[in-house]
Amino acid sequence: AALHGQVLRRAVELAETRLQRAPALEALGTHLLDAQQATDAALDNYRQALRIFVEEGQTEPARALAERLLALSPEDAETAAVLVQLAFSGGDMSAANAHFDALAQVDAQRAQTLLQELEPAAIRAGQVGELLNWLERLLWQGATSGTVDSRSLLLQKATWLGTYADRLREA
């Protein structure tokens with residue numbers, strides 16, 4: 001096991017491209033978890049690999065790794081946000097909804113920031129209505145827990161509602 005770990009570390013070091021490095025980091029993380037060694041280091045390797053997969057547009061490996069990472073670390077708001085972004089950009093609204101709800105439970109502030117990050121893509125894809133639904137859920141959660149900036153959410157809601165001629169009265 002120790003030799004295998006050394007080989008995997010060397011593979012990470014010798015990776016010539018980011019797309020070679022990401023799977024090597026993932027393999028090293030898996031090895032560390034399987035050997036029940038350095039869980040934090042394993043999760044760090046997974047997070048580095050995930051970042052590379054996302055930056056390089058490798059959606060499927062990113063999604064699979066993010067799901068595994070979130071299963072190992074359910075409180076990881078950034079990984080949950082990545083899963084929302086991947087599902088949203090891939091048009092999988094069912095998964096995006098589920099991951100957004102999980103993110104909102106873990107870190108409502110990060111969920112609020114994510115809404116703003118997704119706005120340009122939502123406008124292009126005609127999915128502002130989906131963001132409005134998420135915003136409503138955050139407002140409801142904020143009203144009961146005080147974990148979000150309700151004022152800025154209400155302003156954002158009015159702005160987004162203003163994009164729909166038939167919903168201007170709600171704004």
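## Overall architecture

Contact here means heavy atoms within 4.5 Å. In this predicted model, residues 24 or more positions apart account for 51% of the contacts in the chain with a separation of 6 or more. The secondary structure comes to nine helices and zero strands, and from the N terminus on the elements run α-α-α-α-α-α-α-α-α.

Along its principal axes the C-alpha trace of the chain spans about 65 × 30 × 20 Å. Of the 171 residues of the chain, 41% count as buried.

Two packed helices are described by the angle between their axes and the distance between the axes. For helix α1 (residues 2–14) and α2, the axes come within 8 Å and cross at roughly 160 degrees; because an angle over 145 degrees counts as roughly antiparallel, α1 and α2 are described as roughly antiparallel to each other. The crossing in which α1 passes α2 is left-handed. On the α1 side, the residues that meet α2 are His-4, Gly-5, Leu-8, Arg-9, Ala-11 and Val-12, and their counterparts in α2 are Arg-21, Ala-24, Leu-25, Ala-27, Leu-28, His-31 and Leu-32.

Helix α2 (residues 18–34) also packs with helix α3 (residues 39–55), their axes coming within 8 Å and crossing at roughly 155 degrees, and these two helices are therefore roughly antiparallel to each other. Here, too, the crossing is described as left-handed, with α2 passing α3. Among the α2 residues that take part are Arg-18, Pro-23, Glu-26, Gly-29 and Leu-33, while those in α3 include Thr-39, Ala-42, Tyr-46, Ile-52 and Glu-55.

## Leu-33, a residue of α2

Leu-33 is found in helix α2 and, at 18% relative accessibility, counts as buried, because buried means under 20% relative accessible area. Leaving aside its neighbours within four places in sequence, Leu-33 is in contact with Thr-39, Ala-42, Tyr-46, Arg-68 and Leu-72. Of these partners, Thr-39, Ala-42 and Tyr-46 are also listed among the α3 residues that meet α2. The C-alpha atoms of Leu-33 and Leu-43, which are 10 residues apart along the chain, are separated by 8.6 Å.

Thr-59 lies in helix α4 (residues 59–72), and with a relative accessible area of 35% it is partly exposed. Although Thr-59 and Ala-87 are 28 residues apart in sequence, they are 9.3 Å apart in space, C-alpha to C-alpha.

Thr-79, in contrast, is found in helix α5 (residues 77–89) and is buried, with a relative accessible area of 3%. A polar contact of 2.7 Å joins the side chain of Thr-79 to that of Asp-76. When its neighbours within four places in sequence are left aside, the residues in contact with Thr-79 are Leu-50, Ala-66, Leu-69 and Leu-70.

## The largest nonpolar core

The largest nonpolar core holds 52 residues, and the members that touch the most other members are Phe-88, Phe-100, Leu-115, Leu-131, Trp-134 and Leu-138. Helix α5 supplies the largest share of this core, namely nine residues.

## Helix α9

Lys-157 lies in helix α9 and, at 19% relative accessibility, counts as buried, since the limit for that class is under 20% relative accessible area. Its contacts, leaving aside neighbours within four places in sequence, are with Leu-132, Leu-135, Glu-136 and Leu-139.

Ala-158 also has its place in helix α9 (residues 150–161), yet with a relative accessible area of 25% Ala-158 is partly exposed.

Definitions and conventions:
Residues are numbered from 1 along each chain as its sequence is written. This is a predicted model: local features need pLDDT of at least 70, side-chain atom pairs count only at pLDDT 80 or more; totals for chains, interfaces and linings use all residues. Side-chain values use heavy atoms; hydrogens and water are left out. Helices (H or I, at least four residues) and strands (E, at least two) are DSSP runs, numbered from the N terminus. Buried means under 20% relative accessible area, exposed over 50%, partly exposed in between (1.4 Å probe, protein chains only). A polar contact is a pair of N or O atoms within 3.5 Å; within protein, one must be able to donate a hydrogen and the other to accept it, and residues adjacent in sequence count only if both atoms are side-chain atoms. A nonpolar core is a set of buried Ala, Val, Leu, Ile, Met, Phe, Trp, Tyr and Cys residues joined through side-chain atoms within 4.5 Å. Axes are lines fitted to C-alpha atoms, for helices over the stretch in contact, and angles run from 0 to 180 degrees between N-to-C directions. Angles under 35 degrees count as roughly parallel, over 145 as roughly antiparallel, 65 to 115 as roughly perpendicular and the rest as oblique. A crossing is left-handed if the near helix is turned anticlockwise from the far one by less than a right angle, and right-handed if clockwise.
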